[in-house]
Amino acid sequence: MKSMIHFLKTNSFFILILLIFGGFTSCATKITFPVSAVVPAAEPSAKISKNKEGAYELELNVNNLALPERLSPPKKHYLVWIDTDQGIKNLGEIANNSGIFRNRGKAAFEATTRNKPVMILVTAENDLEIDYPGSHVVLKSRPFEVK
């Protein structure tokens, strides 16, 4: 018992710092995706957190994502959507990081939204300026609840 009291006294500053910084960080909700029938090699990982202002911050990374023009039928873009209680919202294009000579197969996307998401979709599209996803769904998360 004395050693515990001594530990707390000598390390109280560090414990206080950990508690303070722990209070400023919010827990991110990790999102899971089933294997895609369209791009089965793709390995998506996503997380969503709620910031101090009440907005939701989404981070999506996909490894082994084929270029959209390699799909059947070929497309020009991948778009990220969220399903919310306000309906489906287009968050924008996910960039596939392709090199000069080859596709590196890595795509990354970050967005902030006021709408509370319950599902993430990635679709292959020919047009960036659309209000509703087409039928070519490439990735679809499992439903989730943001903590």
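A salt bridge is counted where a side-chain nitrogen of Lys or Arg lies within 4 Å of a carboxyl oxygen of Asp or Glu. The views below show a predicted model.

**View 1. The salt bridge between lysine 116 and glutamate 145.** The side chains of lysine 116 and glutamate 145 meet at 2.8 Å, taken from N to O. The two residues are 29 residues apart and link distant parts of the chain. Lysine 116 belongs to the loop between strand 7 (103-113) and strand 8 (117-125), while glutamate 145 is in the segment after strand 9 (137-140). Lysine 116 is partly exposed, and its relative accessible area is 31%. By the rule given above, the count for the model is one salt bridge. Side chains of opposite charge can pair when their charged atoms come close.

**View 2. The hairpin of strand 4 and strand 5.** Strand 4 covers residues 77-84 and strand 5 covers residues 87-93. Six bridges join the two strands in the antiparallel sense. Two residues lie between the strands of this hairpin. Within the pairing, aspartate 83 has isoleucine 88 of strand 5 opposite.

**View 3. The pairing of strand 8 with strand 9.** These two strands run antiparallel and are joined by three bridges. Threonine 123 is found opposite valine 137, a residue of strand 9.

**View 4. The largest nonpolar core.** This core has 26 residues. The members that touch the most other members are Leu60, Tyr78, Ile94 and Ile120. At least two residues of the core come from each of strand 2 (43-50), strand 3 (56-63), strand 4, strand 7, strand 8 and strand 9. Strand 3 gives the largest share, with four residues.

**View 5. The surroundings of isoleucine 94.** Isoleucine 94 is one of the core residues that touch the most other members. With its neighbours within four places in sequence left aside, isoleucine 94 is in contact with Leu60, Val62, Tyr78, Val80, Ala107, Ala108, Phe109 and Val122. Leu60 and Tyr78, both in this contact list, are also named among the core residues with the most contacts to other members.

Key. Residues are numbered from 1 along each chain as its sequence is written. This is a predicted model: local features need pLDDT of at least 70, side-chain atom pairs count only at pLDDT 80 or more; totals for chains, interfaces and linings use all residues. Side-chain values use heavy atoms; hydrogens and water are left out. Two strands pair if DSSP finds at least two bridges between them. Buried means under 20% relative accessible area, exposed over 50%, partly exposed in between (1.4 Å probe, protein chains only). A nonpolar core is a set of buried Ala, Val, Leu, Ile, Met, Phe, Trp, Tyr and Cys residues joined through side-chain atoms within 4.5 Å. Contact means heavy atoms within 4.5 Å.
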